[in-house]
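Subject: Structure for you to look at

Hello,

Here is the structure I said I would pass on. Please open it first, then read the notes below.

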Amino acid sequence: MQQRLAELRDKIAACDAQLLEIAARRQSVVAQLGALKREGGLPPADPERERQLWQLWRERDGGAAAARLFLELTGTARQEQRHGVANLYIIGMPSAGKSSVGAAAARLAERPFCDMDTVIALLAGRGIDGIFAIEGEDTFRRWESELLALLSRRDGMVIACGGGVIKRELNRDLLRGSGRVLWLRREREASLDDILRHPRPLTQNGAEWDRLYQQRLPLYQGTAHHAVDNDADIETVAARICALLGDE
């Protein structure tokens, strides 16, 4: 059984490598297309083309995961039309609200949005908890770094990072070198309310949250260009972010 598990994991790893390579090649072509559109004064979006692509994906019957991956691909393609605008990376503790606030800020600023954990889960075919349980944290961190390297080559995105993205020095350098980094802070009790309802792989109770916070606090402080408190409703916090960055 162990041998069969190892064989299947190797196959998944090979598929992941191909997906990352194809995604990078696709984005290179998208960049060329965007430059040509800008040169010709054409609008960046082509709703009819997107409708045709969406229909093609539906006919292939790839299921919900394939549909979400398609949305991620088309979203990152649109951001090429915003070439030269720095990425906004949102970092912070688990349950700080990075995904929900980040998505709201992206809508308000009319920027493409990417949730790194969501993309990794889609590529792996399982949730983050499952990745930690089966592949382990080291493998997850490697995938996280590979995805961040791809995103760092793009422009104009709002990117919700995983809470531990700042653990690797390479990641911290990529974050600060390819965009503006915003540390989203949230009160401990509010975070714990969410964590107790929806435990994370490394934070399932207050003691674990406190330990992780003490370990990561200097890394958040040293990586972020800005800090915003998540102490109001989602739209209000998103508006603060956009005002801070001059995107409103």
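Helices here are DSSP runs of H or I with at least four residues, numbered from the N terminus. In that numbering, Glu-235 belongs to helix 11. Please keep in mind that this is a predicted model.

Glu-235 counts as partly exposed because its relative accessibility is 43%, and partly exposed covers the range between under 20% (buried) and over 50% (exposed). Leaving out residues up to four places away in sequence, Glu-235 touches Ala-104 and Arg-107.

Now the helix pair. Helix 4 (residues 98-109) packs against helix 11 (residues 234-245) at an angle of about 60°, and the axes are 8 Å apart. The two are therefore oblique to each other. The crossing of helix 4 with helix 11 is right-handed. Residues in this contact include Ser-100, Ala-104 and Arg-107 of helix 4, and Glu-235, Val-237 and Ile-241 of helix 11. By type, the contact residues are 11 nonpolar, 1 polar and 2 charged.

Last, the cores. The largest nonpolar core has 32 residues, and Ile-91, Ile-159, Cys-161 and Leu-175 have the most contacts inside it. Elements giving two or more residues to this core include strand 1 (87-91), helix 7 (137-151) and helix 10 (206-223). Apart from it lies another core, of 16 residues, with Leu-88, Ala-104, Val-158 and Val-237 among them.

Regards

Definitions and conventions. Residues are numbered from 1 along each chain as its sequence is written. This is a predicted model: local features need pLDDT of at least 70, side-chain atom pairs count only at pLDDT 80 or more; totals for chains, interfaces and linings use all residues. Side-chain values use heavy atoms; hydrogens and water are left out. Axes are lines fitted to C-alpha atoms, for helices over the stretch in contact, and angles run from 0 to 180 degrees between N-to-C directions. Angles under 35 degrees count as roughly parallel, over 145 as roughly antiparallel, 65 to 115 as roughly perpendicular and the rest as oblique. A crossing is left-handed if the near helix is turned anticlockwise from the far one by less than a right angle, and right-handed if clockwise. Contact means heavy atoms within 4.5 Å. Ala, Val, Leu, Ile, Met, Phe, Trp, Tyr, Cys and Pro count as nonpolar, Asp, Glu, Lys and Arg as charged, and the others, Gly among them, as polar. A nonpolar core is a set of buried Ala, Val, Leu, Ile, Met, Phe, Trp, Tyr and Cys residues joined through side-chain atoms within 4.5 Å. Buried means under 20% relative accessible area, exposed over 50%, partly exposed in between (1.4 Å probe, protein chains only).
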